Amino acid sequence: MRKVIGTLYNKIALLSPRIEVTLRKLYWKNIKCLKKFNPNSCKPEKDVADLPHVDFDKVLSWLKSKGVGKGSLLIVHSSYAGLECTGLSPEQIVDKLLDLVGSTGTLAMPVIRKFKGEPKEASLLTANIDDLVCTYDVKWTPVTSGLLPYTLMRRDDAVVSHFPFNPMCAVGPLAKDMMKHNLDGEHPSPHGPNSSWKFCLDHNASICSIGTDIEHHNTMIHVAEEAFGDWHWSDEEWYRLRKFNIVDENDQSKYKEVLERKPEWGMLHYAEMNVNQDLKKANIMQTYLIGGCIEVGYIDAQQLIAFLRSRNKNGYPYFK
């Protein structure tokens, strides 16, 4: 039933961006009734024993065919569940990715966090967080973006961003500079001019997904919105202020107010499926299935942002 609904939804949503955002509004404003029909909310888990063994070197070869190699700055979005068919541990996969970029390259992964006291997904549109002060402990706040970034973060040579939203961790010669200025300014934003994401853009990052889809893990897209000072929507419309106590690696605490994109933009106004279709047609977003079971994706950061900035004079890909 969910598969049928999902197929029908996709066909209708791709008729136009405005139709897609209309469907998103319908879903989120009736989430208690409609969530059970979301085809992504309860995907059946596949038994690893039923999947064919896939040599992880095939994933590495595919990345090499996209130009990733020694000296590259590589951002990896991942799901270890989608890579278990390789038979490798998270540590072994991280080691292979580090070997791919070599000692002159840098491996980066988002280490998204879950903060105590934040409203649940269903109440994001209505919750009042004006007085909420969250704690971001760089070492210990739970990571929700998977085992591979958690594994990378736990390495002795890893550097982790002190910015609470969409923080990066990285290993390599660019890691320290990537995180150095993330909190600079009175009210910095997650993807603004001093963010680790803008740093990666400026240093010609390659972006990939392994074991998961690139379509739902395209965080770099937000750099086009926040890093150049010419975004179509005003700061008052786009951001809300968030308050944090940030605890660093030395257990020193610092109070900081930062900006966050208002949740309604991603939930109600973002034409995600249409922009992904546009990116694939332009050959900027590339996807592939390796060995019949490992999803991979690739995006060149410079090409992505150039494409978006050529279209965002009217707020694309958001429609309000």
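**Exercise 1. Aromatic pairs**

How many aromatic pairs does the structure hold? Classify two of them by geometry.

*Solution.* The model is predicted: local features need pLDDT of at least 70, side-chain atom pairs count only at pLDDT 80 or more, and totals for chains, interfaces and linings use all residues. Residues are numbered from 1 along each chain as its sequence is written, and side-chain values use heavy atoms, with hydrogens and water left out.

Step 1. The structure holds 13 aromatic pairs. Rings of Phe, Tyr and Trp (its six-membered ring) pair if their centres lie within 6.5 Å. Planes under 30 degrees apart count as stacked, over 60 as edge-to-face, and the rest as tilted.

Step 2. Take Tyr-27 and Trp-28. Their centres are 5.2 Å apart and their planes make 80°, an edge-to-face pair. Tyr-27 is buried at 18% relative accessible area, and Trp-28 is buried at 14%. Buried means under 20% relative accessible area, exposed over 50%, partly exposed in between (1.4 Å probe, protein chains only).

Step 3. Take Trp-238 and Trp-265. The centres lie 4.9 Å apart with the planes at 45°, so this pair is tilted. Trp-238 belongs to helix α10 (residues 235-238) and Trp-265 to helix α11 (residues 263-269), so the pair ties together parts 27 residues apart in sequence. Helices (H or I, at least four residues) and strands (E, at least two) are DSSP runs, numbered from the N terminus. Both Trp-238 and Trp-265 are buried.

Step 4. Trp-238 and Trp-265 also sit in one aromatic cluster with Trp-231, Trp-233, Tyr-270 and Tyr-318.

**Exercise 2. The sheet**

In what order do the 7 strands of the open sheet run?

*Solution.* Step 1. The order is β4-β5-β2-β1-β6-β10-β9, with mixed pairing. Two strands pair if DSSP finds at least two bridges between them. The edge strands, β4 (159-160) and β9 (285-290), each pair on one side only.

Step 1. Strand β6 (residues 206-210) runs antiparallel to β10 (residues 294-300), joined by 5 bridges. Ile-207 stands opposite Ile-299 in β10. Helix α13 (residues 301-309) packs on the sheet and touches β6 and β10. Its direction makes about 65° with that of β10. Contact means heavy atoms within 4.5 Å. Axes are lines fitted to C-alpha atoms, for helices over the stretch in contact, and angles run from 0 to 180 degrees between N-to-C directions.

Step 2. β9 and β10 are antiparallel, over 6 bridges. Tyr-288 faces Val-296 in β10. The two strands form a hairpin with 3 residues between them, and Gly-291 in the turn has a positive phi of about 65°.

**Exercise 3. Cores**

Which residues have the most contacts inside the largest nonpolar core?

*Solution.* Step 1. A nonpolar core is a set of buried Ala, Val, Leu, Ile, Met, Phe, Trp, Tyr and Cys residues joined through side-chain atoms within 4.5 Å. The largest has 46 residues; Phe-56, Leu-97, Met-109, Ile-210 and Ile-294 have the most contacts inside it.

Step 1. Helix α5 (residues 90-101) gives the largest share, 6 residues.

Step 2. Another core, of 43 residues, lies apart; Met-179, Ile-221, Ala-224 and Trp-231 are among them.

**Exercise 4. Backbone exceptions**

Where is Asn-204 found?

*Solution.* Step 1. Asn-204 is in the loop between α8 (196-202) and β6. Its phi is positive, about 55°, although it is not a glycine. Asn-204 is exposed, at 52% relative accessibility.

Step 1. The peptide bond from Tyr-316 to Pro-317 is cis, with omega near 5°. Pro-317 lies in the segment after α13.
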